[in-house]
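Student: Could you take me through this model feature by feature, giving the general idea before the particular case?

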Amino acid sequence: MRWTRVFIPFITVALMAPALASAAPTPPQQLAKQTVQKVLNDLDGHRAELRKNPQKLYALINRDLVPLIDLPYMSQLVLGRYWRQASPAQRQHFQKAFKNMLIRTYGSALLGLNNNVKIDYMPVRAAKDAKDVTFNAVIHSRNGQDTRVSLKLHKVDGHWKVYDGSIGNLSFVTNYRGQFNSAIRREGLDHFIEQLEKRYSGNA
């Protein structure tokens, strides 16, 4: 279960990368399939090197995948009412620490992507002028377990960006908000952000 929670969220964004970055009319599920092979090619022969030098992996993720996420909006959703109470400086520090946490948490998981992973991509059913869509996929793991994944995307300056997703009924945003809010209630916002910065500093 832990493998599922850690591995799938960022890898699904990786699979969707061309679909989110491109304005071409190619169906998102087709673009996702093309990206699978691209990711496999990029990792092939470099996994050992990236494991020994994770900073290279973190930089790669920061460059290629983080721009596909609406980090300001996701940060706002994750902090919930604490975002409204936070100062501009607190918001800026939290957003950077949250980004670094995502990069470090999911970076190594991407190295697990290989040709044994089978993914079924569902068509995106939405109006042509839709500004908010949901992308669905089913990931078939090596142990025979099927995992349904959804990503919620909206348009930001004409580009599709991810702002939430779910594994089954587990929302990424809801999961992090529950963890973070509990810590903030115990420690206070400033101390929580400081601890997050210390733990995940130096990634990007």
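Tutor: Let us begin with strand S4 (residues 159-167), which is mostly covered, since 7 of its 9 residues are buried. Buried means under 20% relative accessible area, exposed means over 50%, and partly exposed lies in between, with a 1.4 Å probe and protein chains only. Helices (H or I, at least four residues) and strands (E, at least two) are DSSP runs, numbered from the N terminus. The model is predicted, and local features need pLDDT of at least 70, side-chain atom pairs count only at pLDDT 80 or more, while totals for chains, interfaces and linings use all residues. Residues are numbered from 1 along each chain as its sequence is written, and side-chain values use heavy atoms, with hydrogens and water left out.

Student: In what order do the strands of the sheet lie, and is the pairing parallel or antiparallel?

Tutor: Strands of a sheet pair through backbone hydrogen bonds, in either a parallel or an antiparallel sense. Here 5 strands form an open sheet in the order S1-S2-S3-S4-S5, and the pairing is antiparallel; two strands pair if DSSP finds at least two bridges between them. The edge strands, each pairing on one side only, are strand S1 (118-121) and S5.

Student: How many bridges join S3 to S4, and which residue is the bridge partner of Leu151 in S4?

Tutor: S3 and S4 run antiparallel and are joined by 8 bridges, with Gly165 in S4 as the bridge partner of Leu151. In the hairpin of these two strands, which has 2 residues between them, Asp157 takes a positive phi near 55°. On the other flank of S3, strand S2 (residues 132-140) pairs with strand S3 (residues 146-156) in the antiparallel sense over 9 bridges, and Asp132 stands opposite His154 in S3.

Student: What joins S4 to S5, and where does Ser171 lie?

Tutor: S4 and S5 run antiparallel and are joined by 2 bridges; Ile167 stands opposite Leu170 in S5, and in the hairpin of S4 and S5, with 2 residues between the strands, Gly168 takes a positive phi near 65°. Ser171 belongs to strand S5 (residues 170-171) and is buried, because its relative accessible area is 13%. Leaving aside neighbours within four places in sequence, Ser171 is in contact (heavy atoms within 4.5 Å) with Asp164, Gly165 and Ser166. A polar atom of the side chain of Ser171 also lies 3.3 Å from the backbone nitrogen of Val173.

Student: How should I read a helix, and which residues of H10 are buried?

Tutor: An α-helix has 3.6 residues a turn, so residues three or four places apart point the same way. In helix H10 (residues 189-199), the residues Leu189, Phe192, Ile193 and Leu196 are buried. They cover an arc of only 95° around the axis, so they lie on the same side of H10, the arc being that of the directions from the helix axis to the C-beta atoms. Asp190 and Lys198, on the other side of H10, are exposed. The cover over the buried residues of H10 includes helix H7 (81-85), helix H8 (88-110) and helix H9 (172-187).

Student: Which residues touch the most other members of the largest nonpolar core?

Tutor: In soluble globular proteins, nonpolar side chains tend to be buried together. A nonpolar core is a set of buried Ala, Val, Leu, Ile, Met, Phe, Trp, Tyr and Cys residues joined through side-chain atoms within 4.5 Å. The largest one has 24 residues, of which Val78, Phe94, Phe98, Met101, Tyr176, Phe180 and Phe192 touch the most other members. The elements giving two or more residues to this core are helix H6 (71-79), H7, H8, H9 and H10, and H8 provides the largest share, 6 residues. A second, separate core of 15 residues includes Val117, Tyr121, Ala130 and Ile167.

Student: How many salt bridges does a search of the whole structure find?

Tutor: A salt bridge is a side-chain nitrogen of Lys or Arg within 4 Å of a carboxyl oxygen of Asp or Glu, and the search finds 2 of them. In one, the side chains of Lys198 and Glu194 meet at 3.3 Å, N to O; because they are 4 residues apart in helix H10, about one helical turn separates them. Lys198 is exposed, with a relative accessible area of 55%, whereas Glu194 counts as partly exposed at 36%. Lys56 forms a salt bridge with Glu49, the closest N and O atoms being 2.9 Å apart.

Key:
Polar contact = N/O pair within 3.5 Å; in protein donor to acceptor, adjacent residues only side chain to side chain.
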